Amino acid sequence: MTRILAIAALLLGAVPSAALANEGGGGLISLDKSIVIQMINFGLLLFILIKLLYKPLLAKMEERTQAIRKSLEEAQAARAEAERERAEHAAKLQASYAEAQAIRAAALKEAGEEQRRLLEAARAEATRLVESARGELAQDVRRARQDLRQEVADLATTVAERLIRKSLRDEDHRRIIEDAIGRVDRVS
Amino acid sequence: MRSHEGTARRYAKALFELARDAGEPEAVGRELEQVAAVYAGDARTHEVLTRPWIKPEDRRAVAAAIAQKVGARKLVQDFLGLVADRGRADHLPEIIGAYRLLVDAELGRARAQVRTAVAFTDGEKQQLATRLERALGKRIILEEQVDATLLGGFVAQVGSLILDGSLDGQLARMRQRLARG
């Protein structure tokens, strides 16, 4: 760009200098035949400027505009992408949150069920233990009663036997035999 | 002992059938018991008749000679000779028991084994036998045995029938009632 401006300045300076040199002094612009040359010169200069300076400048400007636009579009696309991703992340987060909530609710429900089941099992086991203990206790009581009855029976009969053996006399034996013989009839 | 009983029954039945044919089963039974008592009372005789290493013909001769000496009839002599010959002299008590049962059955009578705490008087024996005969419909022969371990009364057994008229039985029943509550 600097190069182009330098060339333009040189041309602008050179053309009037040439005119002045031909005229031999006077004003900056003389309204004579040199005007044509000046105009041609100007036209040429304008052409050169347009060709060498303005168009490249415009092209450069357009290029930059396009670059900026492209960058802007890319930025917009990136923003849209970011927005999409954000929305996607938000959706995923929401879904994850919902899933976590569902898992938590399921876990809570399962824990509640497990707790209820364990409680019921514990109650059943406790009931069974109580019943078992009650049964064993009743059995022990029955056994103890039976043992006691047996001991009482043994003791009573042993004492009775000793007393009888000590006190039996011959007439008692005769009477016992007679009673026993009297009971023989019942056999028939 | 069970095999003794089976063998003894076979011998007793054979003798009984011969004695019945001869019309003297009771007399044969008495003589059999007398000779068996001699065997049992003399240890040397018992040893000779029961030892397997003594020749069978010697055992037979000894048994027949003793029976002859006691005055047993020919049938009893032959029978005891056969028993000794076959090495069955130690079965004699069971043979005599089985023979008694056969004779009793033939004559329609039964034996009552009575264990009693004190000996029966004659009147008590008669009374018990009469009552048992009336109850069982058979003539009863009482075989009394005094058992000092009995507390009082008696226990009579006729075949498989047991009559417990003892104080021991009453006490046992009382013990059971008390134990049952």
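A nonpolar core is a set of buried Ala, Val, Leu, Ile, Met, Phe, Trp, Tyr and Cys residues joined through C-beta atoms within 7 Å. A residue counts as buried if 20 or more other C-beta atoms lie within 10 Å of its own, as exposed if 12 or fewer do, and as partly exposed in between, with C-beta atoms placed from the backbone.

The model is predicted: local features need pLDDT of at least 70, side-chain atom pairs count only at pLDDT 80 or more, and totals for chains, interfaces and linings use all residues. Residues are numbered from 1 along each chain as its sequence is written, while chains are lettered from A and ligands numbered from 1 in the order in which they are written.

**Nonpolar cores**

The largest nonpolar core has 27 residues, of which B:A12, B:A63 and B:L80 touch the most other members. Two or more residues each come from helix 1 (2-22), helix 2, helix 4, helix 5 and helix 6 (92-107) of chain B; helices (H or I, at least four residues) and strands (E, at least two) are DSSP runs numbered from the N terminus. Helix 1 of chain B supplies the largest share of this core, six residues. Beyond its neighbours within four places in sequence, B:A12 is in contact with B:I95, B:A98, B:Y99 and B:L102, where contact requires C-beta atoms, placed from the backbone, within 7 Å.

**Helix 4 of chain B**

Helix 4 (residues 56-70) of chain B has 15 residues, which at 1.5 Å a residue should span 21 Å, and its end C-alpha atoms are 21 Å apart, in agreement. The expected span is 1.5 Å times one less than the number of residues. B:R59, B:R60, B:A63, B:A64, B:I66 and B:A67 are buried in this helix. The face turned away from the buried side carries the exposed residues B:E57 and B:K69. The buried residues of helix 4 pack against helix 2 (25-41), helix 3 (43-50) and helix 5 (74-85) of chain B. B:G71, with a positive phi near 100°, follows helix 4 of chain B.

**Strands of chain B**

Strand 3 of chain B is mostly covered, with five of its six residues buried. Its pairings are tabulated below; strands pair if DSSP finds at least two bridges between them.

| Strands of chain B | Sense | Bridges |
|---|---|---|
| Strand 1 (residues 109-116) and strand 3 | antiparallel | five bridges |
| Strand 3 and strand 4 | antiparallel | six bridges |

B:V114 stands opposite B:A156 in strand 3, and the bridge partner of B:G153 is B:S166 in strand 4. The hairpin of strands 3 and 4 has two residues between the strands, and B:G159 takes a positive phi near 60° there.

**Chain A and the interface**

Chain A has three helices and zero strands. Buried residues make up 3% of its 188 residues.

In the interface, 22 residues of chain B are in contact with 23 residues of chain A. Two or more residues each on the chain B side come from helix 7 (122-136), strand 3 (153-158), strand 4 (161-166) and helix 8 (167-180) of chain B. Helix 7 gives the most to this side, with seven residues. By class, the chain B side has 13 nonpolar, five polar and four charged residues; Ala, Val, Leu, Ile, Met, Phe, Trp, Tyr, Cys and Pro count as nonpolar, Asp, Glu, Lys and Arg as charged, and the others, Gly among them, as polar.

Notes. Contact = placed C-beta atoms within 7 Å.
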